Amino acid sequence: MPTDPPPDVLVVEDEAEFAELVARWLGGHGLRVTVVGDGALALRQIRDRPPDLVLLDLNLPGLDGWRLIDEIRAVGDIPIIVLTARGREEDRVRGLESGADDYVTKPVSFPELLARIQGLLRRLRAARPAGAARSSVIERSGLRLDPTTRSLTVAGRPVHLTPTEFRLLWRLVERPGEVVGHAELLRAVWGATYGPDDAPLLRTTIRNLRAKLGEAAPGRRFIATRYGLGYQFLDDEAGGT
């Protein structure tokens, strides 16, 4: 019986010793790893042979990580995990707002990093089921979400979402009017290893979603915050906080 090939992970890291440690750890756990130490070289490789996931440092020669995230998002929706020593809240928010799916700070636990990579790849595969039925499409309040193509239209207008943004919106839209808790969303969208310390991931992704939905449908509120509880998809014209 044929088996799926190992996922391709592109590690973009200019600290050679650290990059080698990451590559050895990931390679020893079934991933196919390529290391590139320069942002411009990484971009050329991504365009020539898109990997399944990019593990990206921010401080890079040539083309820094911020610009590389923008360029990758211009190419497509390849999952991006930022792995950096820049642990300030504003850097984390900027990375997520730029389109990264996760943001991990150094020093890092390699088992945790592996779990986050595997979880992101697993959820990406699950979001693209082979031969998904048309009935799996959700159409609600002017939104149309297609899990097969992971695409969103708002009032017929295409809206580009990252894989993580799509998963989060799907989780809310499939339960209209219901308050979905912070912990449940973190586990469902990012994985079982995510908890209260990762709340900025959730807040920033919600903010990004609201901005994209608001641009597509000005004046329409889709996601309400229920403070201390979670978030709620509004299936009508009612307001939210």
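This report describes the helix packing, the strand pairing and selected residues of a predicted model.

Residues are numbered from 1 along each chain as its sequence is written, and side-chain values use heavy atoms, with hydrogens and water left out. Because the model is predicted, local features need pLDDT of at least 70 and side-chain atom pairs count only at pLDDT 80 or more, while totals for chains, interfaces and linings use all residues.

**The four-stranded sheet**

Helices (H or I, at least four residues) and strands (E, at least two) are DSSP runs, numbered from the N terminus. Two strands are taken to pair if DSSP finds at least two bridges between them. On this basis, an open sheet of 4 strands has the order E6-E7-E8-E9, and its pairing is antiparallel. The edges are formed by strand E6 (138–140) and strand E9 (157–159); each has a single partner strand, so one side of each lacks a neighbour in the sheet. From one strand to the next, the twist averages 20°. Within the sheet, strand E7 (residues 143–146) and strand E8 (residues 151–154) run antiparallel and are joined by 4 bridges. Asp146 has Ser151 in E8 as its bridge partner.

Helix H6 (residues 163–173) packs on this sheet, where it touches E6, E7 and E8, and its direction makes about 120° with that of E7. H8 lies across E7, E8 and E9 and runs at about 165° to E9. Contact here means heavy atoms within 4.5 Å.

Axes are lines fitted to C-alpha atoms, for helices over the stretch in contact, and angles run from 0 to 180 degrees between N-to-C directions.

| Helix pair | Angle | Axis separation |
|---|---|---|
| H4 and H8 | about 45° | 9 Å |
| H6 and H8 | about 85° | 10 Å |
| H7 and H8 | roughly 85° | within 10 Å |

Angles under 35 degrees count as roughly parallel, over 145 as roughly antiparallel, 65 to 115 as roughly perpendicular and the rest as oblique. Helix H4 (residues 89–98) and helix H8 (residues 199–216) pack at about 45°, and H4 and H8 are therefore oblique to each other. The contact involves Glu89, Arg92, Val93, Leu96 and Glu97 of H4, together with Pro200, Leu201, Arg203, Thr204, Arg207 and Asn208 of H8. These residues comprise 4 nonpolar, 2 polar and 5 charged. In this classification Ala, Val, Leu, Ile, Met, Phe, Trp, Tyr, Cys and Pro count as nonpolar, Asp, Glu, Lys and Arg as charged, and the others, Gly among them, as polar.

H6 and H8 pack at an angle of about 85°, which makes H6 roughly perpendicular to H8. H6 contributes Thr164, Glu165, Leu168, Leu169 and Leu172 to the contact, and H8 contributes Leu202, Thr205, Ile206, Asn208, Leu209, Lys212 and Leu213. The residues of this contact of H6 with H8 divide into 7 nonpolar, 3 polar and 2 charged. H6 is mostly covered, as 10 of its 11 residues are buried; buried means under 20% relative accessible area, exposed over 50%, and partly exposed in between (1.4 Å probe, protein chains only). Among the buried residues of H6 are Phe166, Arg167 and Trp170.

The axes of H7 and H8 cross at roughly 85°, which makes H7 roughly perpendicular to H8. In this pair, His182, Leu185, Leu186 and Trp190 of H7 meet Ala199, Leu201, Leu202 and Thr205 of H8. The residues of the contact of H7 with H8 are 6 nonpolar, 2 polar and no charged.

**Individual residues**

Asp198 occupies the loop between helix H7 (182–190) and H8. With 9% relative accessibility, Asp198 counts as buried. Leaving aside residues up to four places away in sequence, Asp198 touches Arg116, Leu186 and Thr193.

Gly65 belongs to helix H3 (residues 65–75) and, at 0% relative accessibility, counts as buried. With residues up to four places away in sequence again not counted, Gly65 touches Leu56, Asp57, Leu58 and Leu60. Gly65 and Gly30 are 35 residues apart along the chain, and their C-alpha atoms are separated by 26 Å.

Arg47 lies in helix H2 (residues 39–48). Not counting residues up to four places away in sequence, Arg47 touches Glu71 and Val75.

**The E11–E12 hairpin**

Strand E11 (residues 223–226) pairs with strand E12 (residues 230–233) in the antiparallel sense over 4 bridges. Thr225 has Tyr231 in E12 as its bridge partner. The two strands, E11 and E12, form a hairpin with 3 residues between them, and Gly228 in the turn has a positive phi of about 80°.
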